[in-house]
Structures are given as structure tokens and as C-alpha cells.
Amino acid sequence: MKDFDYKALAKELLENLYRDGMMLVVYPDGESEVTSQNASYFPIKPLANIDLSAWYWESGVLGGYDLENLSEEDTDYLIEYLAEEIESEVAKVA
């Protein structure tokens, strides 16, 4: 798992946040996709399914940020934060 590009995954996560009813799926090969939470078929078993819904993220650290108007420093911080979140989710199944 250490070969994953968690920052790239975090950027994808940040770009897709607050999409209610959707999730970011991370596969063992490091690939990812954004899909419906109702999805029942995956080409291979995912390592992590990360909820993209606003209610999930706004209740924590991200609630204090306007994602439409982030400074470069805030963007960098959030990418680091989300990369750690993704790594933590992936580590649960490793």
C-alpha cells in the first residue's frame, strides 16, 4: 500500500467532495473512481469506499472551509489532510 499516490487520490477526493449519494472507490492497484453509493458491481474488490456526501465531511475539519474559494495554502492543507484520511481507510483492510 505504500506505493499509493495518496496525494493524487486526495486531489480527486477534494474535487468531488459534497456530491451527495456518491463515493470514491479505491482499488488495490491504486486506481480510483467516483460512483454511486448504490453501486453493487466493482471490477475488483475495492480497498476503500469513501463517502463524498456533504453531511459526512461538513461535520468535521472541512466544515470550516468554503471549497469554492480555497487559498493555495488551504488547498495544500486539505490535500494533506485528505491523503491521511484515505491512507487510514486503506490501512483498515491491509
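Mentor: Helices of at least four residues and strands of at least two are DSSP runs, numbered from the N terminus. Please keep in mind that this is a predicted model.

Trainee: In which strand is threonine 35 found?

Mentor: The strand concerned covers residues 32-36. Threonine 35 falls within that range, and the element is strand 2.

Trainee: Is threonine 35 buried or exposed?

Mentor: A residue counts as buried under 20% relative accessible area. Threonine 35 has a relative accessible area of 17%, so the residue is buried.

Trainee: Which residue stands opposite threonine 35?

Mentor: Strand 1 (residues 22-26) and strand 2 pair in the antiparallel sense over five bridges. Beyond four places in sequence, threonine 35 touches Gly21, Met22, Met23, Val25 and Phe42. The residue that stands opposite threonine 35 is methionine 23.

Trainee: Which strands stand at the edges of the sheet?

Mentor: Three strands form an open, antiparallel sheet in the order 2-1-3. Each edge strand has a single partner strand, so one side of each is left without a neighbour in the sheet; these are strand 2 and strand 3 (48-51).

Trainee: What angle does the direction of helix 1 make with that of strand 2?

Mentor: In the sheet, the twist averages 30 degrees from one strand to the next. Helix 1 (residues 6-16) packs on this sheet and touches strand 1, strand 2 and strand 3. Its direction and that of strand 2 make an angle of about 25 degrees.

Trainee: Against which elements do the buried residues of helix 3 pack?

Mentor: In helix 3 the buried residues are Leu78, Ile79, Tyr81, Leu82, Ala83, Ile86 and Val90. The elements against which they pack are helix 1, strand 1, strand 3 and helix 2 (54-58).

Trainee: What kind of aromatic pair do phenylalanine 4 and tyrosine 6 form?

Mentor: The structure holds five aromatic pairs. In the pair of phenylalanine 4 and tyrosine 6, the rings lie 5.5 Å centre to centre, with 45 degrees between the planes. Planes under 30 degrees apart count as stacked and over 60 as edge-to-face, so this pair is tilted.

Technical notes. Residues are numbered from 1 along each chain as its sequence is written. This is a predicted model: local features need pLDDT of at least 70, side-chain atom pairs count only at pLDDT 80 or more; totals for chains, interfaces and linings use all residues. Side-chain values use heavy atoms; hydrogens and water are left out. Buried means under 20% relative accessible area, exposed over 50%, partly exposed in between (1.4 Å probe, protein chains only). Contact means heavy atoms within 4.5 Å. Rings of Phe, Tyr and Trp (its six-membered ring) pair if their centres lie within 6.5 Å; planes under 30 degrees apart count as stacked, over 60 as edge-to-face and the rest as tilted. Two strands pair if DSSP finds at least two bridges between them. Axes are lines fitted to C-alpha atoms, for helices over the stretch in contact, and angles run from 0 to 180 degrees between N-to-C directions.
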